[in-house]
Amino acid sequence: MGIVAGLDSSSAFTHIVVCDTDSGAVLREGYAAHPVEAKATEVDPQAWLLSLGEAASGGLLEGVQAIGVSAQQHGLVPLDQQGNLVRPALLGNDRRAQVAAADLIDSLGGRQAWAEAVGAVPQASQPVAKLRWLARTEPENARRVAAVLQPHDWLVWQLLGRPARRTTDRGAASGTGYWSAGAASYRPDLVELALGHPAALPEVLGPSDSAGMTPEGLLISAGTGETMAAAFGLGVAVGDAVVSLGASGSVMAVHHEALADSSGMITSFADATGMHLPVVHVSNAVRALRGTAEMLGVDGLEELSALALKSTPGASGLVLLPYLEGERTPQLPHTAGTLCGLRRESMKPEHLARASFEGMLCSLADALDVLRGRGVEVRRVFLLGAAAELPAVQALAPALFGTQVVVPQPAQYAAIGAARQAAWALSVSQGTLDPRTPPAWQGAAAQVLEPGDELAVGGAVRQQYVATRDQLHPGAFGGTQ
């Protein structure tokens with residue numbers, strides 16, 4: 001019996017949960033916004049520490065024995081030989097490295113070469129692309145870089161008092177573009193390719209390892225990235241997929257091996273337990289709903305949802321391909337959205353409303369099928385994001401995804417996952433848990449939705465969508481579906 005803490009340092013805030021070590025029950029919480037603009041693309045990492053200190057105020061951590069750290073992914077913290085910042089940290093939302101990413105793809109010999117090397121094709125968000133951008137646009141700063149960390153690595157290092165040893169975990173490392181989830185090893189040659197010279201990289205810890213003890217005697221676990229921590233907090237396992245509904249969307253699933261994908265549609269992450277998290281991103285999710293609501297003059301997504309449910313499956317023949325901002329899956333970066341099947345009887349607001357929901361969910365089902373096509377088992381889908389609460393989403397998703405859908409109650413799952421990791425590391429250090437077996441915390445409270453009798457109807461709607469997609473964009477998936 002004891003208590004542990006998990007902190008999630010996201011792009012905008014720090015959230016801390018204090019949990020019972022045995023059950024995972026949340027005992028108390030702390031929150032603080034970062035003292036920076038939410039959309040900032042670079043920041044002094046001290047802002048993260050200021051936010052952390054505020055979130056932990058008022059004795060929040062009293063009695064805590066171990067802490068786990070989750071943080072925003074893809075940030076780059078460049079350090080000089082003395083461990084001082086070379087420049088402000090570059091954040092994951094910084095898109096200035098798009099040209100650098102394309103340059104790196106060519107420098108190694110193409111997308112296939114990168115997929116085989118590290119399980120991912122460089123994107124602007126990744127640290128490897130940011131290093132190339134730094135070398136090209138700030139050469140003097142680049143020459144001073146002696147070590148590189150990500151946000152979670154830097155926070156753990158600070159909590160431990162800045163020791164000589166710097167650490168990360170396999171989950172965070174798998175998003176860098178220079179660590180291979182498949183080979184479980186760094187590719188330092190890719191760091192040198194990007195930066196122009198070698199740089200020290202943090203030691204990659206195992207899922208139940210400890211990073212060290214703070215000067216105050218608190219055990220710090222390995223920590224991980226937000227995506228991996230949230231999956232661990234949700235308690236997903238083999239057979240589970242997680243669909244996230246934001247303006248854009250993502251689909252990830254737990255799998256027993258890394259998946260190399262030369263098309264670039266699958267990014268091969270490692271998770272926080274020793275397994276793998278292949279992820280497929282789509283550029284358009286809730287933005288398609290918001291665009292439809294604006295077109296129809298509807299007041300918000302709740303009203304759009306109610307309107308959609310007045311229509312019938314298949315939206316009277318209307319099909320919306322929701323590629324409003326181009327698309328990543330399939331790779332159609334310069335295309336636009338398309339509305340097909342217009343007839344006099346289908347030109348009603350409720351049919352367009354339903355077509356927007358069906359189009360968004362069918363696009364995400366396409367992403368699910370990319371994973372299924374590579375042998376990833378999907379028995380149930382966890383649906384995350386505020387839009388997951390919309391009645392139209394809950395009514396349509398099980399049949400369109402073809403499987404059970406779980407809608408967890410809103411909670412700080414990344415912070416909970418970090419706390420669960422802390423409990424694991426603490427128990428292993430005390431000899432009460434096997435290093436290969438995480439603590440069996442109670443799963444997320446959730447609503448469970450079954451496809452039931454609507455499965456055949458959902459299949460017909462998917463067929464209508466796929467036929468339209470293939471007619472307009474033949475070969476878009478290159479035979480992966």
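These legends describe close-up views of a predicted model. Local features need pLDDT of at least 70, side-chain atom pairs count only at pLDDT 80 or more, and totals for chains, interfaces and linings use all residues. Residues are numbered from 1 along each chain as its sequence is written, and side-chain values use heavy atoms, with hydrogens and water left out.

**View 1. Helices α9 and α14 cross at an angle of about 75°.** Their axes lie 6 Å apart. Axes are lines fitted to C-alpha atoms, for helices over the stretch in contact, and angles run from 0 to 180 degrees between N-to-C directions. The two helices are therefore roughly perpendicular (65 to 115 degrees). In α9, Glu226, Ala229, Ala230, Phe232, Gly233 and Leu234 make the contact (heavy atoms within 4.5 Å). Their partners in α14 include Tyr413, Ile416, Arg420 and Trp424. By class, this contact has nine nonpolar, three polar and two charged residues. Ala, Val, Leu, Ile, Met, Phe, Trp, Tyr, Cys and Pro count as nonpolar, Asp, Glu, Lys and Arg as charged, and the others, Gly among them, as polar. Helices (H or I, at least four residues) and strands (E, at least two) are DSSP runs, numbered from the N terminus.

**View 2. The second largest pocket holds about 340 Å³ of space.** A pocket is an open set of points on a 1 Å grid over the protein atoms alone, with protein on both sides within 12 Å along at least five of seven lines. Its volume is the space filled by probe spheres set on the points, which are joined across faces, edges and corners. Lining residues have an atom within 4 Å of a point. There are 19 of them here, and Gly24, Ile416, Gln442, Gly443 and Ala444 lie nearest the centre. Helices α9 (226–234) and α14 (413–430) each supply at least two lining residues. Eleven lining residues are nonpolar, seven polar and one charged.

**View 3. The largest cavity has a volume of about 50 Å³.** In a cavity, a 1.4 Å probe fits but cannot get out. The whole structure has four cavities of 30 Å³ or more. Helix α12 (349–372) is one of the elements that line the largest cavity, and α12 gives the most, with four residues. Leu318, Glu358, Cys362 and Tyr465 are among the lining residues.

**View 4. Helices α4 (127–137) and α8 (188–195) pack at about 35°.** Their axes are 7 Å apart. Val128, Leu131, Arg132 and Ala135 of α4 meet residues of α8, including Leu190 and Leu195. The contact has eight nonpolar, no polar and one charged residues.

Terms used: Parallel < 35°, antiparallel > 145°, perpendicular 65-115°, else oblique.
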